[in-house]
Amino acid sequence: MTKTEVSILPRNLLDVHKAALFLNVSATTIHRWAQQKKLNGVKLGVRGDWLFAKKDLLKMVKENSLSSKATSLGKRIKKQSTVSHNSKKTITSVTSKVRKAIDIKTDLSSAPSLFQKKIITQSDQPSHMSRQEKVIKLKQAVTLTQEYTNEIISELNVINEEVTITRDYADAIIRTVRGPLLVLNKDLRIISANEAFYNAFKVAPNDTENRLLYDLGNRQWNIPKLRVLLEEILPEKNTIEDFVVEHDFKNIGQKTMLLNARTLLQGPGKTSLILLAIEDVTQTKQASQYARSLIEASLDPLVTISPDGKITDVNEATVKVTGLVRQQLIGTDFSNYFTEPDKASEGYQQVFKKGFVTDYPLTIRHADGKRFTDVLYNASVYKNDKNTVLGIFAAARDITERKQFERQKDEFVSIASHELKTPVTSIKGYAQVLQGRFKKEGNIEAVELLVRMDAQLNKLTILIADLLDATKIEGGKLQFHEGYFDFKELVMEIVEEMQQTTTKHELTKKLAAPKTIYGDRDRIGQVITNFISNAIKYSPNTKEIIITSSEDKDSVMLCVQDFGIGIPKEKQEKVFDRFFRVSGLEQDTYAGLGLGLYIAGEIVKRHSGDIWVESNGKKGSTFCFRLSIKKGARKSQTNTLVEEETA
Amino acid sequence: MSKKTIMIADNDPGIVDVLTLMLEDAGYEVETTDDGQTVKDIKEHLPDLILLDIWMAGFDGREICKYLKSQKLTKHIPLIMISANKDIEEIAKEAGADTFIAKPFEMNELLAMVDKYIG
């Protein structure tokens, strides 16, 4: 046996047997030779009549001239296994079978070098096998090889099908994605693009696939920022998230895009793919710019506040009113910028509780410490899709001017009523002088007329006083002159006075025992007068008015009940509001400024008392107040103490 | 017994007039002025009582009151301050006025007050 003869030696299983025949040794012998030596790191073994190798498949495939089919098969299997988790099991079983088949082929193809050596050293070995035996073995080998080949082919078909399904699945995903999506190879050539891409960028599939990204559509994708992104940043990081690119496209105009890219590595030395998702955020950006410009255009200071009370955003008006720049404001406590921080934080806590607040009054402090802006806050919470509260949107309405107007108005009313007082004092004086003179003369008729005139002047005086009091309440200037006095005595006095003003009504007293209380006698008297005069005014067709007082060790209570027109439930809360007047067709005939109960309410509140009304519609109303007896129960600090009234 | 003299210092003729009528009807002699300086300058024929408006044009009633109450000659003269409302009560007392009366007042109330000092 010569080297030349050996060089044509076996490249497949069949050839092993050919070789065995040729060398006149059994295949087993060849195996034994193989067992004795380790050639090229391939440990050969024997299983039945077959050679197999335990070496790693890929390495074998690399060394093997038969490996091209196996390589492509392996690639597909690998691709498959990365995309489809479900078919992993099938693949594993298929892989093992394929591997087995490849093993056999590999072993056979590895054999030549083995044979070569053996042949050189043992070429003159005698044959132990009969020719017939050899033919049978050969036939068996052929049959088995055929069977394995068929099995491999059928498994390959299964894999092909799986790969197709997986590819369809992946394609479906790409097509379904609503945003434009490109699959590029590492040279930035487009492998595929989805429908959204074609639609958004007005390009055709034919002009897209297999083209370089930059050459696409008159090189409109040749964007410097994109080049940097794909050529420098992506290879380094493998992932790029939310990268903003703005570009003026020839046929679709200025676009703002959000790019997300990902490199799909296919293994060492293998080509990688790039997935490039493009989100067109032009409209979102325009919308947010639109919203921003609306917010900025507002003259009202606007802020957003996080659930823990920190400022998250402000507009220019807020910057102006606080004298601080955005960066100084954002992240700081909202309540910092008000004259009453506690009230401010109470305000936003109310928003989180109720979902909103309206006309919440606060005063914003400018950074210079000198300027203050009176505002009314309207605020509401804003939520995400899951209804979780993200924060508060708060708008402040600058009411400095309104307050100024109000102050001017109050000042005007104050001056006007003051000015009215002097002539009323004169008229009242003249009437009283006349009254005195007619009395001396015994002209009773004239005296009576003058008494009526005086009563009207008293009404006028009360109206003027009410106007003045209301402006004082608004300006926080209503003063009290407090001292100890007997409550019952005051009630008796007023009831008596009021009885003289009416002939239609009968004032019935149901009074408790005398009780000394502390407060402004005149002001509390004003409240009682108001209750009784209202009772007279609003019960034109009934006679009885009941004045009840009661007391316990801490307080006194007084109620005035009439049987007149009554107050509907929904209006009962409002009767103590400034300028409230009973309305309705019939009620329009009742005159008044709508200040009396407002002032009464303020007087009682300032005495730390309670004031309320009970009315069941048409059967009249009962107005009541309760006052604490104790001196220490006062909230107000501005009261002046005059105790002479008790004298 | 000669009539008691009351000086009315007020710059509103309507008030001065009606006060004069009231007090004269009640049997008092009345002197009037609308000039604060005149009140400060009284030396002879001292009145028995002074009714002083707290705000007179160009003069601060408090200042006049303080002055009169600081002068040996005039400090004993009862001084009733006339004010627009009760809120000036404190101020009136601070200035040294004996008492005060708020507009609009009842004639009887005023006469009772005057009577209390010089009756």
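This briefing describes the two chains, their interface and selected side-chain interactions. The structure is a predicted model. Chain A has 647 residues, and chain B has 119. Chain B and chain A bury about 2100 Å² between them, and 2 salt bridges are found across their interface.

**Chain A**

- Chain A contains 20 helices and 20 strands.
- Of its 647 residues, 41% are buried.
- Contacts in chain A between residues at least 6 apart in sequence include 56% that join residues at least 24 apart.

**Chain B**

- Chain B is built from 5 helices and 7 strands, and their order from the N terminus is β-α-β-α-β-β-β-α-β-α-β-α.
- Buried residues account for 51% of the 119 residues in chain B.
- Among contacts in chain B with a separation of 6 or more, 58% are between residues 24 or more positions apart.
- Chain B has an accessible surface of about 5600 Å², and carbon and sulfur atoms hold 48% of it.

**Interface between chain B and chain A**

- At the interface, 20 residues of chain B are in contact with 25 residues of chain A.
- Of the roughly stated area of about 2100 Å² that the two chains bury between them, 51% is on carbon and sulfur atoms.
- Between chain B and chain A, 7 residue pairs are in polar contact, with both residues at pLDDT 80 or more.
- On the side of chain B that touches chain A, helix H1 (13-25) and helix H4 (89-94) each supply at least two residues.
- H1(B) gives the largest share of that side, with 7 residues.
- The residues on this side of chain B comprise 8 nonpolar, 2 polar and 10 charged.

**Salt bridges across the interface**

- The rule finds 2 salt bridges between chain B and chain A.
- In one salt bridge, the side chain of A:Lys428 meets that of B:Glu106 at 2.7 Å, N to O.
- Another salt bridge links the side chains of B:Asp25 and A:Arg437, also with an N to O distance of 2.7 Å.
- This pair joins two chains, because B:Asp25 belongs to helix H1 of chain B and A:Arg437 to helix H15 (residues 400-441) of chain A.
- B:Asp25 is partly exposed at a relative accessible area of 30%, and A:Arg437 is partly exposed at 37%.

**Salt bridges within the chains**

- Over all chains, the structure holds 25 salt bridges.
- Within chain A, the side chains of A:Asp610 and A:Arg626 form a salt bridge at 3.6 Å, N to O.
- A:Asp610 lies in strand S18 (residues 610-615) and A:Arg626 in strand S19 (residues 621-628), so the pair ties together parts of chain A that are 16 residues apart in sequence.
- A:Asp610 is partly exposed, with a relative accessibility of 42%, and A:Arg626 is partly exposed, with a relative accessible area of 32%.
- Within chain B, B:Arg62 and B:Asp60 form a salt bridge whose closest N and O atoms are 3.1 Å apart.
- B:Arg62 has a relative accessible area of 27% and is partly exposed, while B:Asp60 is partly exposed at 25% relative accessibility.
- A:Arg292, A:Glu296, A:Asp313 and A:Arg326 are joined into one network by salt bridges that share partners.

- B:Lys40 is located in helix H2 (residues 36-41) of chain B.
- B:Lys40 counts as buried because its relative accessibility is 15%, below the cut-off of 20%.
- The side chains of B:Lys40 and B:Glu63 are joined by a polar contact of 3.1 Å.
- Leaving aside residues up to four places away in sequence, B:Lys40 touches B:Glu63, B:Ile64, B:Tyr67 and B:Leu68.

- B:Thr74 occupies the loop between helix H3 (61-70) and strand S6 (79-83) of chain B.
- With a relative accessible area of 4%, B:Thr74 is buried.
- Not counting residues up to four places away in sequence, B:Thr74 touches B:Ile42, B:Leu46 and B:Leu68.
- A polar atom of the B:Thr74 side chain lies 2.6 Å from the backbone oxygen of B:Leu68.
- The C-alpha atoms of B:Thr74 and B:Lys40 are 9.3 Å apart in space, and the residues are 34 apart in sequence.

Notes
Residues numbered from 1 in each chain as written. Chains lettered and ligands numbered in written order. Predicted model: local features only at pLDDT ≥ 70, side-chain atom pairs only at ≥ 80, totals over all residues. Heavy atoms only, no water. Helix = DSSP H or I, 4+ residues; strand = E, 2+ residues; numbered from the N terminus. Buried < 20%, exposed > 50% of the residue type's maximum accessible area, 1.4 Å probe, protein only. Contact = heavy atoms within 4.5 Å. Buried area = accessible area lost by both parts, 1.4 Å probe. Salt bridge = Lys/Arg side-chain N within 4 Å of Asp/Glu carboxyl O. Polar contact = N/O pair within 3.5 Å; in protein donor to acceptor, adjacent residues only side chain to side chain. Nonpolar A, V, L, I, M, F, W, Y, C, P; charged D, E, K, R; others polar. Areas by Shrake-Rupley, 256 points an atom, 1.4 Å probe, with all protein chains shown as cover.
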